[in-house]
Amino acid sequence: MIVHGHRISLALGLLMAPCIGFAQQLDNTQIMTTLGQVKAAAPAVDVALLVEEANANVGKGIATLPNWNKLSQLSQLIVEIDFENNSTAIEPKSYRTVGLIADALHHPDLFRYKFLIVGHSSATGTAKRNLELSQKRADAINEALSTTFAVSPDRLFSVGAGEEWPIDPGHPESADNRRVQLINLGLLK
């Protein structure tokens, strides 16, 4: 029996960044270069407030909310991560990609930074279910990075955005909208 996975993009940063790469071309240098592009005046992001706003705006959109809009000022890299259908189980073939990300996060150039993992979904279920699934998938990446790949959990934060922030708003049910973003939040304090 063949299990069909959902194509999930693990985006490092947001959609306006200069570097976009897919799993087939991904390497540590690309990850480190993209995540290392931190602006001195990057906005402070309150993760608890992001979670609160996402939960309060289910079905209403979040991209234009002031705290979520701050994230658009941070960098991005998109890679593919596959999950089992309607599940938080990372497909075995995607662990190599998660491992490459972990290797980059262990590099001295990135070791002093903290990261936000934002989960997203397509609009192929209820908005509430999609928000829950996106949070669980972000948590699954967080857990894989912190347990399997020994990235300090103090450096990783997770939030789900559900279907509220599509990469392809013209096609809300598109698989392109199912992704996870890893965003550099700045220096550890």
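**Figure 1. Exposed and buried sides of helix H2 in the predicted model.** The face of H2 that is turned away from the helix's buried side carries Ala48 and Glu52, both exposed, where exposed stands for over 50% relative accessible area, buried for under 20%, and partly exposed for what lies in between (1.4 Å probe, protein chains only). Helix H2 covers residues 47-56, and its buried residues are Val47, Leu50, Glu53 and Ala54. Seen down the axis of H2, these buried residues fall within an arc of 120°, so they line one face of the helix; the arc is taken from the directions that run from the helix axis to the C-beta atoms. Helices (H or I, at least four residues) and strands (E, at least two) are DSSP runs, numbered from the N terminus. This is a predicted model, in which local features need pLDDT of at least 70 and side-chain atom pairs count only at pLDDT 80 or more, whereas totals for chains, interfaces and linings use all residues. Residues are numbered from 1 along each chain as its sequence is written, and side-chain values use heavy atoms, with hydrogens and water left out.

Figure 2. The buried residues of H2 pack against helix H3 (66-70), helix H5 (127-148) and the strands S3 (113-120), S4 (156-162) and S5 (179-187), a contact being heavy atoms within 4.5 Å.

**Figure 3. Helix H1 and its cover.** In H1, which spans residues 28-35, the buried residues are Gln30, Ile31, Met32, Thr34 and Leu35. Helix H4 (95-106) and the strands S3 and S5 are included in what covers them.

**Figure 4. Arg179, a buried charged residue of strand S5.** Arg179 is found in S5 and is buried, yet has no salt bridge, the nearest side chain of opposite charge being that of Asp176, 9.1 Å away. A salt bridge here requires a side-chain nitrogen of Lys or Arg within 4 Å of a carboxyl oxygen of Asp or Glu; Lys and Arg count as positive and Asp and Glu as negative, while His and the chain ends are not counted. The side chain of Arg179 does reach the backbone oxygen of Asn177, at 3.2 Å.

**Figure 5. Asp168 in the loop between S4 and S5.** Asp168 lies in this loop and, at 23% relative accessibility, counts as partly exposed. Leaving aside residues up to four places away in sequence, Asp168 touches Ser174 and Asn177. The C-alpha atoms of Asp168 and Ser122, which are 46 residues apart along the chain, are separated by 9.3 Å.

**Figure 6. Phe111 in the loop between H4 and S3.** Phe111 has its place in this loop and counts as partly exposed, at 45% relative accessibility. When residues up to four places away in sequence are not counted, Phe111 touches Leu105, His106, Arg155 and Leu188. For Phe111 and Leu188, 77 residues apart along the chain, the C-alpha atoms are separated by 9.1 Å.

**Figure 7. Ala150 in the loop between H5 and S4.** Ala150 is found in this loop, and its phi is near 55°, a positive value in a residue other than glycine. With a relative accessible area of 52%, Ala150 is exposed.

Terms used:
A polar contact is a pair of N or O atoms within 3.5 Å; within protein, one must be able to donate a hydrogen and the other to accept it, and residues adjacent in sequence count only if both atoms are side-chain atoms.
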